[in-house]
Amino acid sequence: MNEAKNVVQKNFSVEDAQELYLYDLELADVTVNQGLTIDEEFGIMFATQVYNGFDGKQESFIVSRTSLGGKLKDQMIVRNGGHGTSIGIEKESGRTFLWSNMIEVDRNDNIRTQWLCRVPYVANTTVDIHHSSVQKIKEFPNSNIYQTPFSDSKNNLLALRITERISGKLATRIEVYKINDAKNQRWGNLLHSFSFTPEMNSQVLQGLAIDNNQFYVTFGQSAHDFHLYRINLSNGTIMEEFDHAIGHSPDGEYVRGFGEPEGLYLYTDPFTQYKTLLTVIVGDLAGRRRQRLFALSSNIGVQKFLGLAGESVQRVPLTRNDNKAKRFDMNRITSISQIREPGSYYMTTVEGNTLSDHPKKNVAGWWLYVSGGDSGSGINYGCHQLLVRNSVVYAEVYSRVVPSTGNPSAWKEMEFK
């Protein structure tokens, strides 16, 4: 009984889910994230974005490969790959293969046909439908049909999202196959299928994820209208729904007024089997989008991501929490050269008078600005110091470098003309 209860606790529950901001993904482009998938064994994320680096009528996308903590490693461009709504991944003989839609164009750059394709991920390369490494799997010649793959690689599953226009209305269905069956075009071996309800078809589709026989899908042009469904593919029933706004910044608004739900992935920790649903809420203005990764968590599995988030936090505040300049401990500090921690400091006239290397005592309070360190390590790094007089009458600024070893340079007064 306890074992069964433990399994339930490790599974993801929409009903018990809590929203947590984790960290920003460092992606290769400034466009909105589209899809997200993860190599759980090696802790690698693959995230897609529309890529606008080519002339032409058809869309392309770029795949960013990042660490599980969201740090960019490298990228790959799929020319004429469409919007990059979703991709699948597969591991074979130590290599990672991407599954994607690709468009074949005619001499006028119009769509000739579309293909479900499989291609090895090779860092910092560009591929299209004619590249020698691309394997064409399944043709979609009807321009009224749009399909994209997504995967559950730990269970060797590939899902196809197929959207077509029928009588002027969009209709979407999901088909699930074993990856080996898909590779060998055994389309008769369909494991699961699910057709969107009329309500789903009327909403703006965003994220797609599959975990064995569980299908997760999100909708909403804005994260204010975020709507998540969990569907049991074995019987086609909607098991749970999550229908309210997510992804606000600390001020209770979206970053610069923009919040859009995009990539979705159900992560299973390969060691503990805890499951966490991840989604990207994109914020900020065009040209500088922030790809903000959120967890919807119902168990302690999210602690792994909180640990990664903690490592990416700026651990050294540049000011005090009330935005005032930092102060230093006069019982420990005898010279300005001892102040190596980056940030903005303030010293009174009395405090400045006690410091052995102050360039001009007895006149005023001073701000001290300390840069980040150079290539030194630990606390043994060099920095730049800027000392500015607190006066609206006398503009005095002194500059110097404090090296990692040896004596600081002399203060140099900056001239104002």
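Strand 24 and strand 25 run antiparallel and are joined by 6 bridges. Strands count as paired if DSSP finds at least two bridges between them. The model is predicted: local features need pLDDT of at least 70, side-chain atom pairs count only at pLDDT 80 or more, and totals for chains, interfaces and linings use all residues. Residues are numbered from 1 along each chain as its sequence is written, and side-chain values use heavy atoms, with hydrogens and water left out.

Strand 24 also pairs with strand 23 (residues 366-370), again antiparallel, through 5 bridges. In that pairing, Trp366 stands opposite Arg389 of strand 24. On the other pairing, Gln385 has Arg400 in strand 25 as its bridge partner. Strand 24 has two faces. Cys383, Gln385, Leu387 and Arg389 make up the covered face. His384, Leu386 and Val388 make up the uncovered one. In a regular strand the side chains alternate between the two faces of the sheet.

Arg400 also forms a salt bridge with Asp357, with 2.8 Å between the closest N and O atoms. A salt bridge here is a side-chain nitrogen of Lys or Arg within 4 Å of a carboxyl oxygen of Asp or Glu. Arg400 lies in strand 25 and Asp357 in the loop between helix 5 (349-353) and strand 23, so the pair ties together parts that are 43 residues apart in sequence. Arg400 counts as buried because its relative accessibility is 4%. Asp357 is buried too, at a relative accessible area of 17%. Buried means under 20% relative accessible area, exposed means over 50%, and partly exposed lies in between (1.4 Å probe, protein chains only).

The loop between strand 24 (383-389) and strand 25 (397-402) contains Val393. Val393 is exposed, at a relative accessible area of 62%. Together with Val392 and Tyr394, Val393 forms a nonpolar surface patch with about 390 Å² of accessible area. Patches are made of residues with over 30% relative accessible area and no salt bridge; like charges are joined within 9 Å, and nonpolar side chains (Val, Leu, Ile, Met, Phe, Trp, Tyr) within 5 Å. Areas come from the Shrake-Rupley method with a 1.4 Å probe, and for residues only the protein chains shown count as cover.

The chain as a whole holds 5 helices and 26 strands. Helices (H or I, at least four residues) and strands (E, at least two) are DSSP runs, numbered from the N terminus. Of the 417 residues, 50% count as buried. The C-alpha trace spans about 85 × 65 × 45 Å along its principal axes. The domain assignment, automatic or from a database, gives domain 1 (18-312) and domain 2 (336-414). Their centres, taken over C-alpha atoms, are 50 Å apart.

An open sheet is formed by 4 strands in the order 1-21-20-19, with antiparallel pairing. Strand 1 (18-25) and strand 19 (259-268) are the edge strands, each pairing on one side only. Strand 20 (residues 275-283) and strand 21 (residues 290-297) are joined by 7 bridges. Leu278 has Ala295 of strand 21 as its bridge partner.

Strand 12 (residues 157-166) is largely enclosed by the rest of the structure, because 7 of its 10 residues are buried. Strand 11 (residues 145-152) pairs with strand 12 in the antiparallel sense over 8 bridges. Pro149 has Leu160 as its bridge partner in strand 12. The hairpin of strand 11 and strand 12 has 4 residues between the strands, and Asn156 takes a positive phi near 55°. Strand 13 (residues 169-178) is joined to strand 12 by 10 bridges, also antiparallel. Here Arg161 stands opposite Ile174. This hairpin has 2 residues between its strands, and Ser167 in the turn has a positive phi of about 55°. The side chains of Glu164 and Arg173 meet in a salt bridge of 3.0 Å, N to O. Both count as partly exposed, Glu164 at 22% and Arg173 at 29%.

The structure holds 26 salt bridges. One of them joins Lys183 and Glu92, whose closest N and O atoms are 2.8 Å apart. Lys183 sits in helix 2 (residues 179-183) and Glu92 in strand 6, 91 residues apart. Lys183 is buried at 16%, whereas Glu92 is partly exposed at 32%.
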